[in-house]
Amino acid sequence: VRGLVVALQMHKQLKSLSLAAVNLTTFGLTEVLHQFGHNKCLEELDLRHNFIKSVNPQAFAAFNANNMTLRRMDLRWNRIEESECAALSNLFTLQEKTAALATMGEGRSLRQQIRDLLDLDETEE
C-alpha cells in the first residue's frame, strides 16, 4: 500500500483509478481513501475483485467531502454485505445521489441494483 500511497499523492488530477484484483483489504482501502483526500477530480474508482469486507465510514465521508466528482465506485466481487452497501450509499452527497438516481435502471428497485452490483443471486440472503 505504501507505494500506491506515494503514487496517489503525485497524481492530483487523476480522474479514473482501477485497483481491481490487487488483493486490496479493508485496511488498504482505508489508507487509499485517506491518502486520496487531496484529489478533487476523481470520477471513477474501480475496486472490483478484492478482499474488502467493509468501508470505513469516517474515511469515506472525509474522502467524499473533498471529492465532489466521484460518480462511480465499483465494489463488485468483494466481501461486503448488502447492508454495508446501503449504509455506504447514505454517505454520498445529495448531488451525487441525484446523479446516481438519474442513471438508475429502468424498473429495477434499489435493492435489486445493489444485488446486481454485488453479483448476488436472488436466493442469497
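Does D46 count as buried or exposed, and at what relative accessibility? Please also describe the surroundings of this residue.

Analyst: D46 counts as buried, at 13% relative accessibility. Here buried means under 20% relative accessible area, exposed means over 50%, and partly exposed lies in between, computed with a 1.4 Å probe on protein chains only.

A word on the basis of these values comes first. This is a predicted model, in which local features need pLDDT of at least 70 and side-chain atom pairs count only at pLDDT 80 or more, while totals for chains, interfaces and linings use all residues. Residues are numbered from 1 along each chain as its sequence is written, and side-chain values use heavy atoms, with hydrogens and water left out.

The strand setting of D46 is described next. Strand β2 covers residues 44-46; helices (H or I, at least four residues) and strands (E, at least two) are DSSP runs, numbered from the N terminus. β2 and β3 are paired in the parallel sense through three bridges, where two strands pair if DSSP finds at least two bridges between them. In β3, the residue opposite D46 is D74. The sheet as a whole is open and has three strands, in the order β1-β2-β3, with parallel pairing. β1 (16-18) and β3 (72-74) each have a single partner strand and stand at the edges, so one side of each has no neighbour in the sheet. On average, and ignoring direction, neighbouring strands of this sheet are turned by 0 degrees against each other; axes are lines fitted to C-alpha atoms, for helices over the stretch in contact, and angles run from 0 to 180 degrees between N-to-C directions.

Side chains of opposite charge can pair when their charged atoms come close. A salt bridge is a side-chain nitrogen of Lys or Arg within 4 Å of a carboxyl oxygen of Asp or Glu, and the structure holds four of them. One of these joins D46 to R48, with 2.6 Å from N to O. R48 is partly exposed, its relative accessible area being 26%. A further salt bridge links R48 with D74, the closest N and O atoms being 3.7 Å apart. R48 lies in the loop between β2 and α3, whereas D74 belongs to strand β3, so this pair ties together parts that are 26 residues apart in sequence.

D74 is itself buried, with a relative accessible area of 6%. It also forms a salt bridge with R76, and there the closest N and O atoms are 2.6 Å apart. Both D74 and R76 are buried. Through shared partners, the salt bridges join D46, R48, R72, D74 and R76 into one network.

With a relative accessible area of 34%, E43 is partly exposed. E43 and S16 are 27 residues apart in sequence, yet their C-alpha atoms are 5.9 Å apart in space.

The loop of R48 leads on to helix α3, which covers residues 57-66 and contains F60 and F63. The whole structure holds one aromatic pair. In that pair the ring centres of F60 and F63 are 6.1 Å apart and their planes stand at 45 degrees, so the pair is tilted; rings of Phe, Tyr and Trp (its six-membered ring) pair if their centres lie within 6.5 Å, and planes under 30 degrees apart count as stacked, over 60 as edge-to-face and the rest as tilted. F60 is buried at 0% relative accessible area, and F63 is buried at 2%.

Helix α3 also meets helix α2 (residues 26-35): their axes come within 8 Å and cross at roughly 30 degrees. α2 is therefore roughly parallel to α3, since angles under 35 degrees count as roughly parallel, over 145 as roughly antiparallel, 65 to 115 as roughly perpendicular and the rest as oblique.
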